[in-house]
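Take a look at the fold below.

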Amino acid sequence: MNYDDLADLYDHQYDVYRDDLHFYAGVAGKTAGRVLEIGAGTGRVTAFLARRGVEVVGLEPSGRMIERGRERAQREGLTLDFMQGDMKTFQLDERFPLIIAPFNALMHLYTPAEQLAAIGNIRAHLQPGGQFVFDLYVPRFGRMNTVRHEGETFYAPDGSRTDVFLVQRHDKLAQRITTEYHADTTAPNAALRRRHYALTQRYYHRYEMEWLLRCAGFEPPRVTGSFQGGPLEKASEVMVFQARSGGGTN
């Protein structure tokens, strides 16, 4: 998944999302040492942690996302440490006490081979007994193959208005959901410009992810159904995993 073209829309859509921020800040605040964030994007979580005194390294494959993250750092008077790389193949000399992958970052691993490569590589970058913490959404979708407007309207300083419409397509056998975004920007003179983006995610079920973690050498994870804790239930919107690196050589 190439986020370079999606970076600007991504910021508009998700920069105000705050459900996970205090959870990750709480986990990181109990950790002694630097934290590695997988899929840092434009630094939404990275900046929040840095403002709270956490020393965090943000790994992100998209160069444009990193550019946006550095613009954020300059705007907010922060020093953010970004590194461009793929979670499956990045290599650092450093080992971390905590690695986090917020906001569905693992959903960009589309095959079992990619999943195990990434999770195994993450474990290899943990200190002995280090913790890997991440969240995934519970796979529950709206009506397929139907154009929807879900209330996403953005206004620019020049008076233009952008409405985001989406169409989702579901490949149940591959456990993939593709969301096609149509961003329609209407200028003050009524001229219309449409941009099209496609985002494909590979969703997971709870026990599938538990087995992937075990196969990669992690201990049985703690799984909760919200960022506030509590069991994973039918009505839960997210699955939050906290897994410690198991015995053996990292």
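Asn 145 is exposed, with a relative accessible area of 53%. Here exposed means over 50%, buried means under 20%, and partly exposed lies in between (1.4 Å probe, protein chains only). This is a predicted model: local features need pLDDT of at least 70, side-chain atom pairs count only at pLDDT 80 or more, and totals for chains, interfaces and linings use all residues. Residues are numbered from 1 along each chain as its sequence is written, and side-chain values use heavy atoms, with hydrogens and water left out.

Asn 145 sits in the loop between S5 and strand S6 (148–155). Helices (H or I, at least four residues) and strands (E, at least two) are DSSP runs, numbered from the N terminus. Asn 145 is not a glycine, yet its phi is positive, near 55°.

Now turn to Asn 104. Its phi is also positive, about 70°, and it is not a glycine either. Asn 104 lies in the loop between S4 and helix H5 (112–124). Is Asn 104 buried or exposed? At 9% relative accessibility, Asn 104 counts as buried.

Next comes the sheet. It is open, has seven strands, and runs in the order S3-S2-S1-S4-S5-S11-S10 with mixed pairing. Two strands pair if DSSP finds at least two bridges between them. Strand S3 (81–84) and strand S10 (222–224) are the edges, each pairing on one side only. Inside the sheet, strand S1 (residues 35–38) and strand S4 (residues 96–101) pair in the parallel sense, over three bridges. Glu 37 has Ile 100 in S4 as its bridge partner.
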